[in-house]
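I opened the file and kept notes as I went. Here they are, in the order I looked things up.

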Amino acid sequence: MLQPDIEIYIKGTSLNAIRQWLDASFDSIEEGQHKGNSYQFQAFHDGQGIPVMVVEKAAGKQFTSVWFDSSATPWNDDLSCARAAYQQLARPVRCNGGFWEDGSDAVDSWMEVSDQGEQTVEWTQAEG
C-alpha cells in the first residue's frame with residue numbers, strides 16, 4: 001500500500017547533496033520558492049509532478065527534512081525512501097517508525113538507516 005506522502009530526515013548533509021540525490025532519483029527537478037531554511041521543488045516522476053519541500057534544521061540543528069507531498073514517488077513508503085537516500089548520501093536517515101499508520105502512541109520511535117544498519121531509535125529533543 002502506498003503512503004499518501006513521504007517524509008524523511010537526513011542528518012548532517014548539505015542542500016546541494018540533497019539536490020543531487022533528487023536529480024538522480026527523478027526524471028527532472030524544478031526549483032521553486034525559498035524562504036529562510038525552507039526550499040520548494042517540483043519533482044517529476046513518470047509524468048507526474050510531485051511537490052517537494054526541503055527544510056534545513058527541521059529537527060534541531062542536525063537534521064534536514066525532505067517531504068514529498070504525493071503518493072506518486074518512486075518509493076512505496078518512508079523506509080524505502082530512507083534506504084535510497086542513505087545509499088546515495090551515506091548519511092544517517094530517519095523516518096517514522098509506523099506510528100502514524102498503526103495508531104501507536106510511540107511518537108518518539110523512529111527508524112534509522114545508517115552505517116549501523118536499520119534500527120528503531122528513540123528521537124529526543126535534546127538530540128535534535
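**Salt bridges**

I began with Glu31, which is exposed, with a relative accessibility of 62%. I keep in mind that this is a predicted model.

Next I asked what the side chain of Glu31 meets in a salt bridge. It is the side chain of Arg19, at 2.7 Å, N to O. This pair links distant parts of the chain: Glu31 sits in strand 2 and Arg19 in helix 1, twelve residues apart.

I then checked Asp23. Its side chain also meets that of Arg19 in a salt bridge, at 3.1 Å, N to O. Asp23 and Arg19 are four residues apart in helix 1, so about one helical turn separates them. Asp23 is partly exposed, because its relative accessibility is 39%.

Arg94 belongs to strand 6 (residues 93-96) and Glu112 to strand 7 (residues 109-114), 18 residues apart. Both residues are buried. Through shared partners, salt bridges join Arg19, Asp23 and Glu31 into one network. I count four salt bridges in total.

**Helix 1**

Which residues of helix 1 are buried? I find Ala17, Ile18, Arg19, Trp21 and Leu22. I noted what covers them: the list includes strand 1 (6-11), strand 2, strand 3, strand 4 (48-59), strand 5 and helix 2.

**Aromatic pairs**

I searched the whole structure and got six aromatic pairs. I noted Trp21 with Trp75: the ring centres are 5.5 Å apart and the planes are at 20 degrees, so this pair is stacked. Trp21 lies in helix 1 (residues 15-25), while Trp75 lies in the loop between strand 5 (63-68) and helix 2 (78-89), 54 residues away. I checked burial as well: Trp21 and Trp75 are both buried. I also find one aromatic cluster made up of Trp21, Phe26, Phe68 and Trp75.

**The hairpin**

I moved on to strand 2 (residues 28-35) and strand 3, which pair in the antiparallel sense over six bridges. They form a hairpin with two residues between them. In the turn, Gly36 has a positive phi of about 55 degrees. I looked for the bridge partner of His34 and found Tyr39 in strand 3.

My last stop was Ser38, in strand 3 (residues 38-45). Is Ser38 buried or exposed? It is buried, because its relative accessible area is 19% and the cut-off is under 20%. Leaving out residues up to four places away in sequence, Ser38 touches Gln33, Met53, Val54 and Val55.

Notes: Residues are numbered from 1 along each chain as its sequence is written. This is a predicted model: local features need pLDDT of at least 70, side-chain atom pairs count only at pLDDT 80 or more; totals for chains, interfaces and linings use all residues. Side-chain values use heavy atoms; hydrogens and water are left out. Buried means under 20% relative accessible area, exposed over 50%, partly exposed in between (1.4 Å probe, protein chains only). Contact means heavy atoms within 4.5 Å. Rings of Phe, Tyr and Trp (its six-membered ring) pair if their centres lie within 6.5 Å; planes under 30 degrees apart count as stacked, over 60 as edge-to-face and the rest as tilted. Two strands pair if DSSP finds at least two bridges between them.
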